[in-house]
Structures are given as structure tokens and as C-alpha cells.
Amino acid sequence: MNGRKTIQQIQKKKKDGQKITMLTAYDYPLASLVDAAGVDMILVGDSLANVVLGLQSTTEVGMEEMIHHAKAANRAVKQALLIGDMPFGSYQVDSNAAVDNARRFVEEAGCNAVKLEWFDQCLKVAEKIIKDGIPVMGHVGLTPQTAEKLGGFKVQGKDADSARKIIQYAKELEARGFFSVILECIPSQIAKIITEQLSIPTIGIGAGEYCDGQVLVTHDLLGLFDRYKPKFVKQYVNLGMSILEGVKQFRKEVEEGKFPDPLHSYSMNSDELANLKVRK
Ligand code: KIV
């Protein structure tokens with residue numbers, strides 16, 4: 001925990017013109033690997049709902065699942081800043097409950113910050129969390145928890161009026177003390193304007209090249225989730241195929257009596273075995 005990057009170090013990267021990296025992880029093995037790869041921030045995202053739990057919507061996970069997974073990731077993370085994604089319903093209903101829930105991510109699960117999506121009361125709610133000493137990352141543009149209200153999962157800010165709103169939201173987040181902001185699924189020109197006008201780092205997902213950093217859902221980039229694939233996803237490896245091949249090979253070898261072989265089995269001293277047989 002001590003060696004983890006700080007908010008100040010992340011923010012300095014923007015000032016120094018260095019790109020910031022962020023990925024999701026929801027369990028010990030993946031969090032260990034993402035951390036070992038030197039990624040700056042790890043998000044225990046509510047995308048857990050889709051890519052790990054097989055649910056249709058991120059709105060279907062709650063605090064208990066998020067804390068459970070954040071704890072697992074926390075056990076692995078040594079150098080990255082660990083962020084807990086506040087699930088739907090954990091911060092929209094009651095601002096005192098929002099502070100309690102944010103605290104759970106930090107005190108129970110070991111996160112260094114929380115993230116919440118834009119909604120009409122989010123500034124008021126986040127102000128309380130920030131006052132409580134917990135760093136908060138914002139999320140504007142396409143906000144999956146309220147995607148229905150935005151007309152579904154589609155690019156936001158394509159006309160001047162809606163783009164102006166997103167720029168305004170991002171500026172308000174900075175003014176209220178958010179330490180960084182996710183820009184999801186907006187035209188790269190809008191992300192460029194926001195990135196230039198904000199002093200806090202912008203982290204893009206489907207927001208183009210001008211953001212200060214980039215985030216993806218790790219299962220997407222590793223080829224571990226194929227139910228749908230947004231345009232912004234780049235798949236770097238196909239672990240799904242490798243896993244399928246490995247599992248098929250196991251099945252074949254067991255069925256053909258090739259596994260386990262002596263190399264993967266234990267044996268008993270022959271005298272002891274003889275002894276055992278005599279006494280029988
Ligand atoms: O839950 C998540 O994975 C996210 C990222 C897409 C930013 O919110």
C-alpha cells in the first residue's frame with residue numbers, strides 16, 4: 001500500500017505532459033498483473049457487472065459485490081492508485097449514505113479514491129465526500145448508470161448544445177475539487193477542449209487521443225469478453241482463445257488417459273508399498 005502512486009503524482013503527469021494509464025481489475029490475479037505492468041491507476045469498476053458477473057447492466061451491482069471485489073484487488077495492488085467505483089444507488093439517494101459508502105471503499109476495501117458518475121446532484125454529494133478527505137474522480141459524457149436517460153449507449157456531445165453541457169459539467173467537477181475526470185464516448189474535439197481547459201487530468205474511454213490518459217476495461221483488451229465490443233475497444237491479445245485451447249487440451253488428455261502422467265503424480269517408497277500389501 002505504501003508504494004502506491006499518489007493523486008499528486010498522477011496530476012503531475014498532466015503538468016509534465018506524460019500520458020496517464022488506467023485499467024479495470026476486480027480480483028487478485030488480474031489486479032496483480034495490471035499492477036505489475038506499471039499502470040498508473042486501477043479501477044474496481046462497476047463494469048464488473050457485465051464482464052465478470054454476466055449481468056446486463058452496471059446498475060445491477062451493489063455495494064456488497066463492489067466491496068468484496070475491491071478487497072480482492074487491494075490485496076494485489078502495490079504501485080497503482082486504487083479507485084473504487086461507486087455503484088448505482090450508493091450515492092444518488094442520500095448524501096450521508098454516499099459519504100458512508102465512499103468511506104467503506106477506503107476503510108474496508110483499501111481503495112485510495114472513489115469514482116462517481118455525473119448526475120444532477122453529484123456536485124453536492126461529492127463535495128461532502130471530498131470534505132471527508134476522500135479523493136473523488138468524476139465521470140461525464142456517456143454515464144452507463146444513467147444511459148437510458150441519455151438515449152442509450154451512444155456517443156454524447158455530438159451537437160453544440162450537448163457538447164457545451166459536457167464541457168460545463170467537467171469544469172464544475174474541477175471547481176468542486178474532483179481530482180480527475182473520466183470522459184466517456186464523446187467526440188475527440190470535445191475531449192480536447194475539456195483537456196485544455198482543465199488543470200485536473202482527463203482520462204478518456206472512447207474520447208480520442210487528446211485526453212491526458214486512457215482507460216479501458218481490461219477484459220475487453222485481453223479478449224475475455226465478447227458479448228459486445230464498442231468501437232473504442234482495442235483488443236491487444238485474445239486470452240479467451242488461449243483459455244479455450246488450454247481447457248480443450250486438458251479435457252482431451254484426461255479422456256485419453258494422458259493426464260496425469262508420472263511427472264504430475266506422487267509415488268510411494270516401494271518397501272512401504274510392499275509392507276502395506278503384506279499387512280493387508
Ligand atoms: O466501470 C468501469 O469499468 C468504468 C470505466 C469504463 C471507466 O467506469
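Which residues form a nonpolar patch on the surface?

1. Tyr236, Val237, Leu239, Ile243 and Val247 form this patch, and together they have about 460 Å² of accessible area. Patch members have over 30% relative accessible area and no salt bridge, with nonpolar side chains (Val, Leu, Ile, Met, Phe, Trp, Tyr) joined within 5 Å and like charges within 9 Å. The areas come from the Shrake-Rupley method with a 1.4 Å probe, and for residues only the protein chains shown count as cover. Tyr236 is placed in the loop between helix H9 (218-221) and helix H10 (239-255), and Tyr236 is exposed at a relative accessible area of 54%.

2. This is a predicted model, in which local features need pLDDT of at least 70 and side-chain atom pairs count only at pLDDT 80 or more, whereas totals for chains, interfaces and linings use all residues. Residues are numbered from 1 along each chain as its sequence is written, and side-chain values use heavy atoms, with hydrogens and water left out.

3. The protein has 11 helices and 8 strands, taken as DSSP runs (H or I of at least four residues for helices, E of at least two for strands) numbered from the N terminus. Its C-alpha trace spans about 85 × 40 × 35 Å along the principal axes. Of the 280 residues, 46% are buried (under 20% relative accessible area, with exposed over 50% and partly exposed in between, for a 1.4 Å probe and protein chains only).

4. Helix H2 (residues 28-36) packs against helix H4 (residues 63-76) at an angle of about 45°, the axes being 8 Å apart. H2 is therefore oblique to H4, given that angles under 35 degrees count as roughly parallel, over 145 as roughly antiparallel, 65 to 115 as roughly perpendicular and the rest as oblique.

5. The whole structure contains 14 salt bridges (a side-chain nitrogen of Lys or Arg within 4 Å of a carboxyl oxygen of Asp or Glu). One of them joins Lys5 and Asp40 at 3.2 Å, N to O; because Lys5 lies in the segment before helix H1 (7-15) and Asp40 in the loop between H2 and strand E2 (41-44), the pair ties together parts that are 35 residues apart in sequence. Lys5 is partly exposed at 21% relative accessibility, whereas Asp40 is buried at 2%.

6. Glu127 and Arg176 form a salt bridge with their closest N and O atoms 3.4 Å apart. Glu127 lies in helix H6 (residues 122-131) and Arg176 in the loop between helix H7 (160-175) and strand E6 (180-184), so this pair ties together parts 49 residues apart in sequence.

Definitions and conventions
Axes are lines fitted to C-alpha atoms, for helices over the stretch in contact, and angles run from 0 to 180 degrees between N-to-C directions.
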